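Hello,

Here is the structure I promised to pass on. My notes follow below it.

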Amino acid sequence: MELTIQRDVELGDLNTFRVPARAQRLVRIEHAAQVRAVVDHPELGLLPKLVLGGGSNTLLARDPPGVVLRIEIGGVRVLDDDVQATRIEAGGGVGWHDLVCWSLRQGFAGLENLALIPGTVGAAPVQNIGAYGMELAERFESLDVVDLTTGRAATLDRAACRFGYRDSLFKRALAGKSVITRVRLRLPKPWRAQLGYAELQRHLERAGVRDPAPQEVFDAVCAIRRAKLPDPARLGNAGSFFKNPVVNRTIRNEILAEFPEIVSYPLEDGTYKLAAAWMIDACGCKGRSVGAAAVDERHALVLVNHGGASGADILELAAQVREAVRARFGIELEYEPVVV
Ligand code: EPU
């Protein structure tokens with residue numbers, strides 16, 4: 001299998017924070033078999049490997065050592081379409097939002113709540129992307145991976161991927177150890193609008209839409225996101241930088257007693273998700289900056305690069321925000337992106 005090794009490659013355009021970093025070596029992966037070829041390669045085989053998709057969930061705080069594998073495996077197809085569901089398959093390098101648009105154009109509904117999420121199809125399962133009342137796991141069927149140590153390929157079903165809130169096997173036992181080459185999704189029929197997220201419901205009500213079609217849900221999600229989240233194509237960012245912390249009822253009640261306005265959501269297992277954005281905002285961190293890195297003025301969960309920030313600036317800012325929240329609420333925020 002042919003491999004092209006590019007050397008000393010600037011990664012600024014390959015990460016959505018647009019921070020500078022240099023890869024000693026970069027290999028573009030267009031076919032799953034090339035991953036095996038990297039593993040078996042005399043020069044690349046034993047080097048540390050960083051897997052990059054759209055670069056929307058990675059903070060490059062230093063030059064990555066070894067080799068960067070940029071996943072560009074394309075291809076989207078319908079596996080089958082019957083009365084119960086449509087099953088589709090996409091290459092790991094396909095843009096996630098492109099897949100959502102493609103499926104809607106084909107008349108397959110079911111991904112519209114996940115519109116406009118940056119990143120690739122192969123990166124989507126890593127953090128179990130989610131927004132507006134839906135998580136990837138709900139539409140996920142299986143994926144193909146190639147192990148970066150052995151070069152062996154395997155197929156993992158939903159249970160094997162151990163999905164949780166912004167979490168999966170690929171952030172834990174398999175972190176940095178495999179490449180997701182292909183993903184299969186199942187869009188169940190009949191389609192039903194998923195309007196559990198209050199903001200989405202309100203938006204549609206205000207627009208006078210009663211019984212929304214998939215395209216109307218898609219349009220509403222895009223409008224909400226565009227109104228409150230910065231577009232990575234215009235302003236460097238990686239979406240939410242912090243996860244919403246999940247706490248037990250006792251801790252939630254203690255915090256609620258002291259901060260009655262705190263926003264929290266009950267989860268099915270009796271725990272509570274606290275709105276990290278609300279806490280960061282309450283600490284007065286919105287607009288706080290380190291160099292050209294800043295907490296976004298519109299949404300406190302998002303760190304942005306106003307131009308010229310380094311990965312280290314963003315990491316320093318993140319640490320300051322985390323410390324402010326810890327000092328005020330006694331809660332340790334977790335970062336969502338993978339920090340290199
Ligand atoms: N809020 C503030 N200040 C802010 C922003 C929000 O007080 O600056 C309050 C809001 O008023 C709201 C609460 O915080 O009451 C929650 O805000 P929002 O509804 O925007 O959702 P979120 O919990 O902050 C999560 C996801 C987003 C996703 C939205 C919508 C995480 C870490 N983030 O944000 O995902 O789009 O819900 O479902 O779970 C991403 O992961 O990159 C991402 C953008």
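**The ligand and its shell**

The ligand is surrounded by 26 residues, and the closest are Tyr132, Tyr165, Tyr197, Lys228 and Asp281. A residue counts here if one of its heavy atoms lies within 4 Å of the molecule. This is a predicted model: local features need pLDDT of at least 70, side-chain atom pairs count only at pLDDT 80 or more, and totals for chains, interfaces and linings use all residues. Residues are numbered from 1 along each chain as its sequence is written, and side-chain values use heavy atoms, with hydrogens and water left out.

- Lys228: a side-chain N or O atom is 2.6 Å from a ligand oxygen.
- Asn244: a side-chain N or O atom is 2.8 Å from an oxygen atom of the ligand.
- Glu336: a polar side-chain atom lies 3.1 Å from a ligand oxygen.

Alone, the ligand exposes 820 Å², and the protein buries 82% of that. Areas come from the Shrake-Rupley method with a 1.4 Å probe.

The ligand takes up the space of the largest pocket. A pocket is an open set of points on a 1 Å grid over the protein atoms alone, where a 1.4 Å probe fits, with protein on both sides within 12 Å along at least five of seven lines. A molecule sits in one if more than half of its atoms lie within 2 Å of its grid points.

By class, the shell has 13 nonpolar, four polar and nine charged residues. Here Gly counts as polar, and Asp, Glu, Lys and Arg as charged.

α5 (214-228), β13 (236-240) and α7 (276-282) each supply at least two shell residues. α7 gives the most, with three. Helices (H or I, at least four residues) and strands (E, at least two) are DSSP runs.

**Backbone**

Lys189 and Pro190 are joined by a cis peptide bond, with omega about -5 degrees. Pro190 is in the loop between β12 (178-188) and α4 (198-206).

Asp8 is not a glycine, yet has a positive phi of about 50 degrees. Asp8 is in strand β1 (residues 5-10).

Best wishes

Technical notes: Polar contact = N/O pair within 3.5 Å; in protein donor to acceptor, adjacent residues only side chain to side chain. 1 Å grid on protein atoms, 1.4 Å probe; cavity = no way out; pocket = protein on both sides within 12 Å on 5 of 7 lines; lining within 4 Å.
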